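Student: Could we go through the salt bridges in this one? I'd like to know who pairs with whom.

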Amino acid sequence: MRGFTRGERGYISSPVAAVRELLAMSVEQVAEALERPVWDVPDLDSDEAILEALDFDVDPRDRELAAFVPPEPGPITDPALARLLPTMSLEDPDLAAELRRSSERRIRSSKAQHLKVLHEALVAPRPTVEIAFGDEGAALAAMTDVRLLLSERLGLRTATEVVRLHDTLVTDEDDAPCETPKERQIRMLSQVYLYFTWWQDSLLEAMGEAADTP
């Protein structure tokens, strides 16, 4: 596996096709958890994206405008989604509810835009994954959100637990002949989590090297 290196138009990495597909699927799952499927995320300069960024309430009787704005999100019951959209006030539930109502739609849409950038890079019909110059921040933010969701699914809370996961992960299927379907799922989630962690670090490293180059 090769991490990111600086190219002429952006940062380039060359994961194998199977890994690219698995990474793209993970990005799609995060977008679906946010109720913003990557295929439905509007372009940044579209009317839909502008209205979502303004984050104001639309009169439901105005059907033309209401068609562009996603409905108000319901209560968060998925712990993984709660990691992506944490409460903004632990002391005042009323304040937390008001902040959530006034900003959550915009935050979901912003995260979805980041995920779309990374997803498009992963599924682009080219032999390498290329993060264009200017898209680094969006790609890094998307990778962080994927890792947050996966870490909640895996029950990871501390750096020590991540190190332990790395040290104990079974990477060879032949080493686990009695593996149950649930154990296989956990192993695959673990592999994706650790890959995203390494991949994100490699992008940061490539960006740092580029910044140090005269």
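Tutor: Let us begin with glutamate 35 and arginine 108, whose side chains meet in a salt bridge at 3.8 Å, N to O; the term stands for a side-chain nitrogen of Lys or Arg within 4 Å of a carboxyl oxygen of Asp or Glu. This is a predicted model, in which local features need pLDDT of at least 70 and side-chain atom pairs count only at pLDDT 80 or more, while totals for chains, interfaces and linings use all residues. Residues are numbered from 1 along each chain as its sequence is written, and side-chain values use heavy atoms, with hydrogens and water left out.

Student: Is arginine 108 buried or exposed?

Tutor: Arginine 108 counts as buried, at 2% relative accessibility, where buried means under 20% relative accessible area, exposed over 50%, and partly exposed in between (1.4 Å probe, protein chains only).

Student: And what does lysine 111 pair with?

Tutor: Lysine 111 forms a salt bridge with aspartate 145 at 3.0 Å, N to O, which joins helix α5 to helix α6 (residues 136-154) across 34 residues. Both of these residues are buried.

Student: Switching topic, how many salt bridges are there?

Tutor: The count comes to four.

How values were computed:
Helices (H or I, at least four residues) and strands (E, at least two) are DSSP runs, numbered from the N terminus.
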